[in-house]
Amino acid sequence: MMNDATPRLAQKKQHIIRREEGMQVSSWHAFTGTLKRDLLLVFRRRSDVVNPLLFFSIAVTLFPLGISPEPDFLAQIAAGVLWVSALLATLLSLDSLFQQDMADGSLEQLVISPHPLAVMVLAKVLVHWLVTGLPLTLLAPMLAVMMFLPEEGYSTLFLTLLLGTPTLSLVGAIGAALTVGLRRTGVLMTLLILPLYIPVLIFGTGAVVSAVNGMAVAGHLAIMGAMLMTALVMAPLAAGAALRISLNG
Amino acid sequence: MYFDSFSEFLNMGGHGLYVWMAYGLSAVLLIINVVQPVMHKRQLIKEQMRKLRREQKTS
Amino acid sequence: MWKTFVAWFHRMGSPKWFYEISGRWIPWFAAAAVLLIAVGTVWGLAFAPADYQQGNSFRIIYIHVPAAILAQSIFFLMAIAGGIGLIWKMKVADMVAKSCAPFGATMTFIALFTGAIWGKPTWGAWWVWDARLTSMLILLFLYFGVIALQSAFDSKQSAARASAILSLVGIVNIPIIKYSVEWWNTLHQPATFKLTEKPAMPAEMWMPLLVMVVGFYCLFAVILMLRTRNEILEREKRTHWVQGLLSKES
Amino acid sequence: MQELLSGQNLACERDDRLLFSKLDFKLHCGEVLQIAGPNGSGKTSLLRILAGLLPDFDGTLFFQGKPVQSDSDHFRENLLFIGHQPGIKLNLTPEENLRWYQSLYHPADTDQIYQALAQVKLTGFEDVPCYTLSAGQHRRVALARLFLHAAPLWILDEPFTAIDQGGVKEIEQLIADHAQQGGSVILTTHHNLSLPVELNVIQLGQSHQSETEQA
């Protein structure tokens, strides 16, 4: 088991103990490393990416079937239906954000790594958004065609989803972190997180409706941007604290 | 006194049902909220006493 | 001044001290609560003048407004107590936070229910998507979330910490939710008749309201202390002082 | 010898049950410390407290003489913890798993990772997905971190789980080498360790069992 590699490592040990020569570890490397690993994991299980998108499409399809296929009527509810479905699709996919890491023990390694846990959470949330929020945003205009959304609404729908879905991922991460140690998580997490999603829903649909009615949407988008910034700063901290608690059992 | 008679008081100018329903339900809920911790305390003490007696028997 | 505050703060952290002091306070608060609520109710129901628009259904305000005020301040207190428990690892603060939730949810429910009852004669409908009612409904969901999370954990310590985080996240969100709901409400229903915004209420109308609000706060204090004392008994049952207390009680 | 990690008056209560109390220990550089005791005596809890995963305890931990909380990043940089679960992603290859771990500490190049995997007898498995490997091999992948990450303090929870006899000897040798180079190891195991260095033992679960009976 011994070979020439070990003496060199022994030397390194002395370095770290004395903390010299910039041997400090970099949180940026840890961030990109975690980002790469999670993206790689998603790439190995590509079907997981498709599921939220399928859910989104099916949920949107249910509304014309359940209520009415009348184009005028659908045009009225299009923004709301698309936003509610996107919100639910995000929520359902968030359930497993930390679950695998918890089960295989790599979550505790993240927690005791010499980096701010919020940064690690941010990497995981970013991956989640890249593989659910972003595809949902790209898919939404196509479903909007099926919902007869008036032309004026398309760009606004796209922009609000682009600004809103990362907020959903960030806020949802708090719920996922709070419930990751529990036996049954799905419904409880929904109960915790849905009330917090309401402002995003209101401004998201509000902006699209305004755009369809030919009104200004800059104000809405600014508010959604502000909500995203707030979530970006606070949610990783809250989710990090929640993860520490969940590891406690 | 704002009302002239007791029946008028009960009637509340035609809104009696709503007013008394609101007050009645609130009263019930408040009383439940007071009684529940009191009962809980009794139960806690009873449980603890039973446990103490059991431990005294075994020792 | 600061030193006495710090000393007081640390003593508050001792469950035994809290148990003893609250035992002495409960009778006073209970008496005040009963007196104030009785006076407020009789005054509000029988002596206050009727509203010139709404008539006597307006008397629901004496329950509705105190409940709504309590619902919000209890959530605030729950988040603060949770935060103190989280940062300074103070057990009593955890227990206080836990004891807040059920009564807060009850208050929110009363505010919603009385609002709905009041709405029937005023608007002609049991439920209206009024901004205040909608925010209250969301607040009720937030309370349910905290209570559900609390009961989902096996370990009491983890339960307390997790719900503290959730209530802190909630407290950050409540202003955003309120603002967005109000904005949404004006978008959909411009110029609805507001339940509680009255132009210059006369003194004989708002005096009983004030008495009721203070009475509700006293009642809350009583229930909070009762519940926290139960929590203390349960969690500290292994300590000598609780066992001594129990042998005296029997 | 320099003092590396020490604990003063440690006590831990889980779910209304006192696991241990008034526990003091000192670990110097070059020492190996075994935490022993029957099931449910709090071995894993103590290990997790030492690794900084369990904040619910009374008492103080010192790293190099200073309280751990005063510079927890410094402590974590110098700690290598391998828990009950090996922390291996089944959909990744051993190489990718180790690359992630090293990104948390000191990024390693492919050569170093291959070398470390060779040390734990996983040559030829570097780039196959971990779900094709056995439980013992997962453990070996995790243990390969011991070669990559030059931390002076190792905390290992049951490192011999699912490892064959030959592997156990090699890991014992590895622990002994680490100690002789001035590193320290804290571990739990049900296995009888045979080490050329002195073994300190913390025995849990005997003294306080009588305590709980009294209570």
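Which residue of E5(D) does Phe62(D) stand opposite? In this predicted model, Phe62(D) faces Pro67(D) in E5(D).

Strand E4 of chain D covers residues 58-63 and is joined to E5(D) by two bridges, the two strands running antiparallel. Both strands are part of an open sheet of four strands in chain D, ordered E2-E1-E4-E5 and paired in the antiparallel sense. The edge positions are taken by strand E2 (17-28) and strand E5 (66-67) of chain D; each has a single partner strand, so one side of each is left without a neighbour in the sheet. Strands of a sheet pair through backbone hydrogen bonds, and the pairing may be parallel or antiparallel.

Elsewhere in this sheet, E1(D) and E2(D) run antiparallel and are joined by eight bridges. Among the residues involved, Glu3(D) has His28(D) in E2(D) as its bridge partner. E1(D) and E2(D) form a hairpin with two residues between them, and Asp15(D) in the turn has a positive phi of about 50°. A helix accompanies the sheet: helix H1 of chain D, residues 43-51, lies across strand E1 (3-14), E2 and E4 of chain D. The direction of this helix is at about 130° to E1(D).

Chain D also contains an open sheet of five strands, in the order E6-E7-E8-E3-E9, and here the pairing is parallel. Strand E6 (79-82) and strand E9 (199-203) of chain D stand at its edges; each has a single partner strand, so one side of each lacks a neighbour in the sheet. On average, and with direction ignored, neighbouring strands of this sheet are turned by 15° against each other. Helix H7 of chain D lies across strand E3 (32-36), E7 and strand E8 (184-188) of chain D, and runs at about 145° to E8(D).

The domain assignment divides chain D into domain 1 (1-78 + 155-215) and domain 2 (82-150). The C-alpha centres of these two domains of chain D lie 24 Å apart. Their contact draws 12 residues from domain 1 of chain D and nine residues from domain 2 of chain D. On the side of domain 1 of chain D that touches domain 2 of chain D, strand E7 (153-157) and helix H7 (165-180) of chain D are the elements that give two or more residues. The largest share of that side, three residues, comes from H7(D).

Among the four pairs of chains that touch, chains A and D have the most contacts. The contact involves 33 residues of chain A and 41 residues of chain D. In chain A, helix H1 (5-18), helix H2 (27-44), helix H6 (106-112) and helix H10 (218-248) each supply at least two residues of the side that touches chain D. The residues on this side of chain A divide into 15 nonpolar, 10 polar and eight charged. By contrast, no contact joins chain B and chain D, whose closest C-alpha atoms lie 9 Å apart. Chain A and chain B are likewise joined by no contact, and their closest C-alpha atoms lie 24 Å apart.

Within chain A, helix H7 (residues 117-146) packs against helix H8 (residues 154-179) at an angle of about 150°, with the axes 8 Å apart. The angle makes H7(A) roughly antiparallel to H8(A). The crossing of H7(A) past H8(A) is right-handed. Residues of H7(A) in this contact include Val121(A), Trp129(A), Gly133(A) and Leu136(A), while those of H8(A) include Phe158(A), Leu161(A), Thr165(A) and Leu168(A). By class, the contact of H7(A) with H8(A) has 16 nonpolar, five polar and no charged residues.

Chain C, finally, has eight helices and zero strands. Its C-alpha trace spans about 60 × 40 × 40 Å along the principal axes.

Technical notes. Residues numbered from 1 in each chain as written. Chains lettered and ligands numbered in written order. Predicted model: local features only at pLDDT ≥ 70, side-chain atom pairs only at ≥ 80, totals over all residues. Axes fitted to C-alpha atoms, helices over the stretch in contact; angles between N-to-C directions. Parallel < 35°, antiparallel > 145°, perpendicular 65-115°, else oblique. Left-handed = near helix turned anticlockwise from the far one by under 90°. Contact = placed C-beta atoms within 7 Å. Nonpolar A, V, L, I, M, F, W, Y, C, P; charged D, E, K, R; others polar. Pairing = 2+ DSSP bridges. Domains from an automatic or database assignment.
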